[in-house]
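Dear colleague,

Please find the structure below, together with its sequence. My notes on what was found in it follow directly after.

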Amino acid sequence: MKRRQFIQQSTAATALLGLGGLGLQSFGPETKKITILHTNDVHSHIDPFGPDHERNANKGGVARRATLVESIRKENPNTLLLDAGDIFQGTPYFNYYGGELEFKLMSMLDYDLATIGNHDFDNGIDGLYAQLPHAKFEFVSANYDFSNTVMDTHVKPYKILVKDGIKIGVFGLGVQLEGLVDKNMYKETVYQNPIEVAQDMSRILREEQKCDLVICLSHIGYYYRNRPERVSDLNLARATKDIDLIIGGHTHTFLPKPTIEKNSAGKNVLINQVGAYGLYLGKIDFYFEPGEPVKSDGASIIV
Amino acid sequence: MIIKHLFKLFILLFIFSCHNETHISKIEGKRIEINADIASDTAIENFIKPYRENVNKNLDSIISYAPETYSKTDGELNTAIGNLMADAVFEESNPVFKQRTGKNIDLVLLNHGGIRSIISKGNVTTRTAFEVMPFENSVVVVAMKGEQVLDMMQYLAQAKRAHPVSNHLQLELGKDFEISSATLNGKPIDKDAIYHVATNDYLYNGGDRMTFFHPNDSLYVLDYKIRNVLIDYFKKKDTINPKRDNRFIKLED
């Protein structure tokens with residue numbers, strides 16, 4: 001459709017709907033704001049750390065996170081809440097309930113999506129499958145092929161969410177399981193190269209699905225200093241294009257602020273990871289303006 | 001009226017089917033610390049409460065009694081707590097192994113670093129087992145050649161650490177930590193015989209540089225967590241009574 005025609009149509013539609021008493025804000029000239037909240041490697045840390053803990057005294061806690069998320073949602077209803085994997089393992093809650101409580105609480109907090117970490121296989125792929133009824137949110141993983149496992153059809157490569165008319169594509173990536181997780185646990189789950197998969201996913205989401213925002217929910221790890229060539233979020237950012245944000249996990253990296261990296265097309269990608277155990281909540285706000293960008297150097301980034 | 005609604009719906013569909021041209025103009029990113037300044041959500045807190053109480057009740061349930069405090073630093077090459085763990089692995093997993101294979105475990109080897117906490121004098125609870133063994137490692141039994149069991153003896157002699165072994169072994173080192181005698185169930189180790197050694201999956205996979213488990217004849221995965229071994233063991237003992245003994249010692253001249 002030609003642009004001018006499009007504008008005319010949409011103006012007409014706005015006017016009409018306005019008469020019908022149904023203001024359609026999404027076509028107004030104003031800025032739209034999408035907030036992305038995220039956690040990773042919470043590892044069954046439901047209660048805050050005790051007052052005597054050496055490093056994390058009185059920090060964390062799901063009930064506090066709930067309060068925080070709710071207040072942010074009140075401020076901006078166009079908010080997504082995502083988790084980058086390793087939901088399981090780390091406190092007796094997991095040993096006693098096998099992840100039931102973790103999933104139930106994440107559902108109560110209204111998580112939108114999560115990806116799958118290596119520790120989420122700790123009770124075997126059957127143990128993960130058994131907890132799915134407790135999760136009201138969905139799982140995305142584009143590089144784990146679950147076709148020959150019980151998880152088949154329960155994990156999507158990506159998911160598109162629309163908030164305030166903004167199309168947000170989120171795909172998941174998981175870490176190599178061989179050598180990290182017992183084969184008896186992950187069974188016939190097939191790991192595929194995250195970078196190749198991400199190149200594919202970002203093309204599908206940006207070009208075919210016309211997403212306004214492309215997010216990678218990754219559990220491949222931020223960076224491996226002793227093995228810099230190993231696939232990681234930093235390498236992923238550099239080797240791909242059309243990803244706006246990588247939300248990471250696995251390496252328990254406590255980034256004081258998001259990292260800005262250049263992608264293969266020279267554009268900025270944000271990478272964020274909030275360490276582990278629910279000690280922090282990551283918050284990224286994206287502001288959208290209608291039309292083509294005025295400047296060629298992309299969005300201004302404040303971190 | 002219906003037509004009017006259909007018209008609205010049509011227009012809405014029409015709008016959303018067009019690609020809405022927008023661009024990102026600004027991004028702001030930060031992290032927010034979750035600390036005591038943020039009030040707990042009451043609904044969430046109330047939901048967790050019964051789970052927490054049940055876990056704590058369970059963890060604090062008394063399953064045995066410890067007449068002393070036992071620590072992994074209590075001895076040079078063998079300790080009461082290490083002996084307890086290795087012997088518990090034998091006592092609890094041998095029936096499982098025997099039922100499945102008709103064979104017996106000849107020896108248990110764990111690692112000193114895998115004892116994660118002391119056992120304090122007083123009541124032993126399920127929590128004690130979680131503290132001593134917070135990891136999820138499970139018992140595996142490896143069918144290996146005597147030659148490799150001898151490699152294991154060399155490893156133990158060179159490591160000079162109180163890696164827990166079961167009471168089937170008698171390993172004596174000379175004053176320079178050289179092996180002066182190594183017997184299993186009172187017999188010398190036959191390098192051509194096959195022995196069934198129980199350990200945990202972490203060590204089997206090369207943890208603590210224990211490379212002697214490979215290659216091997218067969219591996220039996222018992223699907224029995226070391227922590228559950230301890231819990232089951234404690235539950236059978238009214239009072240635990242582990243002792244440092246002579247299973248792995250250095251002879252003083």
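Predicted model: local features only at pLDDT ≥ 70, side-chain atom pairs only at ≥ 80, totals over all residues.

**Chain A: annotated region and domains**

The stretch 35-253 of chain A carries the feature "domain: Calcineurin-like phosphoesterase" in UniProt, where the entry is unreviewed.

The domain assignment divides chain A into domain 1, residues 1-27, and domain 2, residues 31-288. Between the C-alpha centres of domain 1 and domain 2 of chain A there is a distance of 37 Å.

**Contact between chains A and B**

Chain A contributes 63 residues to the contact and chain B contributes 39 residues. On the side of chain B that touches chain A, the elements giving two or more residues are helix H1 (2-17), strand E1 (22-33) and helix H2 (42-59) of chain B. Of these, E1(B) gives the most, with 12 residues. Sorted by class, this side of chain B comprises 18 nonpolar, nine polar and 12 charged residues.

**Strand pairing across the two chains**

Which strand of chain A is joined to E1(B)? The partner is strand E14 (residues 280-290) of chain A; the two strands run antiparallel and are joined by 11 bridges. As a point of reference for viewing the pairing, Tyr287(A) is located opposite Lys26(B), a residue of E1(B).

With kind regards

Note on methods
Residues numbered from 1 in each chain as written. Chains lettered and ligands numbered in written order. Contact = placed C-beta atoms within 7 Å. Helix = DSSP H or I, 4+ residues; strand = E, 2+ residues; numbered from the N terminus. Nonpolar A, V, L, I, M, F, W, Y, C, P; charged D, E, K, R; others polar. Pairing = 2+ DSSP bridges. Domains from an automatic or database assignment. UniProt positions renumbered as here; feature names shortened; annotations may be inferred.
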